[in-house]
Amino acid sequence: MEGIVHSTSDWSRIYFMMFFIIIMVVMTIVVAFILQAFSFKIKYRKEHPDKETDIKTEVEVSYEELMALDSKFCVGLEPGKPVRNFQVYV
């Protein structure tokens, strides 16, 4: 920093000090947010052990789309009929 101050002006020293202070404050807030979210997740799992942690999404897929993926998904299915309780875990 001193070399840059020597070759430019004293404003560069102020710039670097302000940059350091702002970055330290922002990083402190970000790290505190991450730690708080992590501790909340641990506390929630301890309080609710019976809750299911898998994320489920319902998607409507046609027979032709299933056939395009792989024929193993279409065992026992017929074209034009809806599929119920079909789950794929990725």
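Modeller: Before we start, a helix here is a DSSP run of H or I with at least four residues, and a strand is a run of E with at least two; both are numbered from the N terminus. Please also keep in mind that this is a predicted model.

Biologist: Understood. How many helices and strands are there in the protein?

Modeller: The protein has 3 helices and 0 strands. Along the sequence, the pattern reads α-α-α.

Biologist: Which residues does UniProt list for "transmembrane region"?

Modeller: The UniProt record, an unreviewed entry, gives residues 14–38 under that name. The annotation may be inferred rather than shown by experiment.

Biologist: What share of the protein do buried residues make up?

Modeller: Of the 90 residues, 4% are buried. The accessible surface of the protein is about 8800 Å², and carbon and sulfur atoms account for 63% of that surface.

Biologist: Let us look at S12. Where is its place?

Modeller: S12 sits in helix 2, which covers residues 11–47.

Biologist: Is S12 buried or exposed?

Modeller: S12 has a relative accessible area of 12%. The cut-off for buried is under 20%, so S12 counts as buried.

Biologist: What does the side chain of S12 reach?

Modeller: The S12 side chain reaches the backbone oxygen of S9, at a distance of 2.8 Å. If neighbours within four places in sequence are left aside, S12 is in contact with I4 and V5.

Biologist: Changing topic, how many aromatic pairs does a search of the whole structure find?

Modeller: The search finds 3 aromatic pairs. One of them joins Y15 and F16, whose ring centres are 5.4 Å apart with the planes at 70°.

Biologist: Why is the pair of Y15 and F16 edge-to-face?

Modeller: Planes over 60 degrees apart count as edge-to-face, and the planes of Y15 and F16 are at 70°, so this pair falls in that class.

Biologist: And what kind of pair do Y15 and F19 form?

Modeller: Y15 and F19 are stacked, at 6.3 Å centre to centre and with 20° between the planes. Y15 and F19 are separated by about one helical turn because they are 4 residues apart in helix 2.

Biologist: Is Y15 exposed or buried?

Modeller: Y15 is exposed, at 51% relative accessible area. F16 is partly exposed at 30%, and F19 is partly exposed at 45%.

Biologist: One last topic. How many salt bridges does the structure hold?

Modeller: It holds 1 salt bridge. The side chains of R13 and D10 meet there, with 3.9 Å from N to O. In general, side chains of opposite charge can pair when their charged atoms come close.

Biologist: What is the relative accessibility of R13?

Modeller: R13 is partly exposed, at 24% relative accessibility.

Note on methods. Residues numbered from 1 in each chain as written. Predicted model: local features only at pLDDT ≥ 70, side-chain atom pairs only at ≥ 80, totals over all residues. Heavy atoms only, no water. Buried < 20%, exposed > 50% of the residue type's maximum accessible area, 1.4 Å probe, protein only. Polar contact = N/O pair within 3.5 Å; in protein donor to acceptor, adjacent residues only side chain to side chain. Contact = heavy atoms within 4.5 Å. Areas by Shrake-Rupley, 256 points an atom, 1.4 Å probe, with all protein chains shown as cover. Phe/Tyr/Trp six-rings, centres within 6.5 Å; stacked < 30°, edge-to-face > 60°. Salt bridge = Lys/Arg side-chain N within 4 Å of Asp/Glu carboxyl O.
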